[in-house]
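Reader: I am new to this structure. Please take a close look at one part of it for me.

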Amino acid sequence: MSKPVVLIAEELSPATVEALGPDFDVVNIDGTDRPALLAALATADAILVRSATKVDEEAIAAAPSLKVIARAGVGLDNVDIKAATTAGVMVVNAPTSNIVSAAELTVGHILSLARHIPAAHSALAQGQWKRSKYTGTEIFEKTVGIIGLGRIGALITARMQAFGTNVVAYDPYITSARAQQLGVTLLTLDELLAQSDFITIHMPKTPETTGMISDEQLALMKPTAYIVNVARGGLIDEDALFRALTSGVIAGAGLDVFVSEPPTDHKLLGLENVVVTPHLGASTDEAQEKAGVSVAKSVRLALSGELVPDAVNVAGGVIDPSVRPGIALVEKLGQVFAGLAGSPLTSVDVVIRGEIAAFDVSVLKLAALKGIFTNVVSETVSYVNAPLLAEQRGVTVRLITDAVSEEYRNVISLTGALSDGSQISVSGTLTGTKQIEKIVEINGYDVEVPFAEHLLVMIYDDRPGIVAVYGKEFGDASINIAGMQIARTAAGGKALSVLTIDSPAPEELMERLRVAIAADVLTEIDITD
């Protein structure tokens, strides 16, 4: 039998090929040569890329035997994940390969800003001896604020504490116990901005976090403070940052990422109080080697039919056909569950009821955690790091199975406790011959709602006229309500409304609704496929 064909479309470390081993025909091509790429894909079982090769719908269609796309790095902007999933092609990356490098670059930016290292170098290289101009500041005993206390944030914490700094953090999904373990003080975002001398941001880029640092937030910072972003371009509003830097609102900024890359002719690039690098977070020999070796191992697992820990779209391995449809369902339930959480999660039970409980359903626990953390942390969440993310946050996780399901053939429930003592839950099932994914319970209320990209969940006192109130608010905002279901446990008690809307609801509208209907709970949940 012929060996599976693995394309290496960009330069990877020799260790990558060694990790693949002798069981494959390895073909090296230039992934930026489009005709050559499409021709080579015709017989490929797997392809390994970095960031330059575009594996889009056309490329995937040209590869009838393709089983896995491996990105030797973290970002997947050059891979069409939806097209790959539709074609049954697994996508894997190396989500932890660059975390040390990213943390070290962040520290480098902080030191460069504190001591004006790039500007001083440039002046001296031009023959200018300007010692007094580049008088800096010690970071010893300063306050460092970390926005997003995930794996990279924790690494930065340890490194900055070694400099004798006071580390504070904002992360709505981190428990006080985890923060105490790290030696970090948890603050609100406004408190962190006002107290910190150096701020570094490590959040995922979502509709909620895009532009989360803008004029209002920058105005809260000290005029002597610096802000650093090596996470995702757009977390800081670049126009607002320019205004703050040129008017003395803050002292300086360090940027490794930009909304548009490369940022040609960008007005931020010419400012003396800005340190910029060309997206170097993962650009170390060590990170590149780790990434290559990691995805090579994933390719081996994928092509041998085993569970692939770093799969970002599907779970590999021997999973019973009865269980497999539940993977996508429970990931979405996890996103709804996280959206309902008003404070940090302390425990979660993944409860599987029905016929599928007779099979190995451990992958559903992994899928639930993957869904819970997808829009919560800055790093890419996979089946291997989701349990670690839960452990780092002090979240206890249990998988419970029960062969009896009274109302549905199978039903999957996520129930959890929050740090404020409250409980949340969400349940879902697959219905009909087309296996339609539906939510069938939220916080004890029985519903039957298909998943949608934008869901709005409201809990309020049941009384006449409420539907007219929020219907008018959405109408005035030109937001279409595509579907609605109301549930209640008793007349005159609490009611739950679930709306599916065609576009995101702005925060101003959400605030008006909270007041207008006196909501106990009002949250928008965006579902990512």
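Into which domains is the protein chain divided, and what does the interface of domain 1 and domain 2 look like?

Author: This is a predicted model, in which local features need pLDDT of at least 70, side-chain atom pairs count only at pLDDT 80 or more, and totals for chains, interfaces and linings use all residues. Residues are numbered from 1 along each chain as its sequence is written, and side-chain values use heavy atoms, with hydrogens and water left out.

The protein chain has domain 1 (5-95 + 286-304), domain 2 (98-276) and domain 3 (324-526). These bounds come from an automatic or database domain assignment.

Now the interface. The C-alpha centres of domain 1 and domain 2 are 34 Å apart. Four residues from domain 1 and five residues from domain 2 take part in the contact (heavy atoms within 4.5 Å). Together the two domains bury about 290 Å²; buried area is the accessible area (1.4 Å probe) that two parts lose on being put together, summed over both. Carbon and sulfur atoms hold 52% of it.

On the side of domain 1 that touches domain 2, three residues are nonpolar, none is polar and one is charged. Here Ala, Val, Leu, Ile, Met, Phe, Trp, Tyr, Cys and Pro count as nonpolar, Asp, Glu, Lys and Arg as charged, and the others, Gly among them, as polar.
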